[in-house]
Amino acid sequence: MILCAGESLIDMVPQDGCFRPLAGGAVYNTAIALGRLGQLTGYLWPISRDPFGAQIVAPLDEAGVDTALCPRTDRLTTLALVTLTNGEARYSFYDEGSAGRMLRPEDVPALPDSVSALFAGGISLVPDPCGATIEGLVAAHHHRLPVMIDPNIRPFFITDPAAYRARLDRLLPMADIVKLSADDLEWLHPDLSPEEAARAVLATGPRLVLQTGGEAGAKAIWAGETVTVPAVRTTVADTIGAGDTFNAGVLASLDRQGLLTKEGIAGITPDQIRAALTLGAQAASVTVSRPGANPPWAREMPARD
């Protein structure tokens, strides 16, 4: 089972002069995408007993994602109020004391033997105590479990950049796979080109650094020659959840290839990397073709070879 550990929340999206609540969160989206693709998937994040908690759980259940490890709490669900200025989305977070924000190490249950890989990232890495708790989870298990991290850096959410950089300096070397967008790479290493920045991250310990660039496609920087795949052309409705779905496609492909292990990733070949990037790009293309974070089901994907 691939365990996704990180944020879920409710986006309050403007609609007809009111706000429509939509379940979201980067790691949450990846968990749902993995479940829809047919992979055995678990989710770990506190779920509130408020009505929004039920709204968050329903899509996970529909996708077959195991939520048994999710602590249940009476704390309220995090809300992200979305406002649009000239089409640009801005977010105001109602997060102090929320269910997710207050995740502490003692709230995390022992991981069952069925957990075979760990995915983490998103804004859940930023504030404490939840950020320290997710960091501790990765630190406790990265020696035996393959780990993928997508920090999905959101500068507007980071109140202490130095502290967050220090956390990423500790976390990224513990990952086997790191996914970074061009914006992430610029934030991490503003004085380097994207390729140089990706190789700087690779030098700290990961086996693969995946770089995504929307229409530019995706590439994998690793010990061998850089592997690239083009984006799948489609009519774009919006890009919400595209990167999260890409992550799920990569993990699903590695799992199907029998490579989602420490040893498998260490001995990966260019063709195997290309297959993983391709499935990620195919899955993301479906998500961007329709509004919101709505990842594809396995039946909507190209037939497997």
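Of the 305 residues of the protein, 52% count as buried (under 20% relative accessible area with a 1.4 Å probe, protein chains only). The model is predicted, so local features need pLDDT of at least 70 and side-chain atom pairs count only at pLDDT 80 or more, while totals for chains, interfaces and linings use all residues. Residues are numbered from 1 along each chain as its sequence is written, and side-chain values use heavy atoms, with hydrogens and water left out.

Along the principal axes, the C-alpha atoms fill a box of roughly 50 × 45 × 40 Å. Carbon and sulfur atoms account for 52% of an accessible surface of about 13600 Å² (Shrake-Rupley method, 1.4 Å probe).

The protein has nine helices and 14 strands, which are DSSP runs numbered from the N terminus (helices H or I, at least four residues; strands E, at least two). Helix α1 (residues 26-36) and helix α2 (residues 51-62) have axes that come within 8 Å and cross at roughly 25°; axes are lines fitted to C-alpha atoms over the stretch in contact, with angles from 0 to 180 degrees between N-to-C directions. This makes α1 roughly parallel to α2 (an angle under 35 degrees). Y28, A31, I32 and R36 of α1 make the contact with Q55, I56, P59, L60 and E62 of α2 (heavy atoms within 4.5 Å).

Methods. Parallel < 35°, antiparallel > 145°, perpendicular 65-115°, else oblique. Buried < 20%, exposed > 50% of the residue type's maximum accessible area, 1.4 Å probe, protein only.
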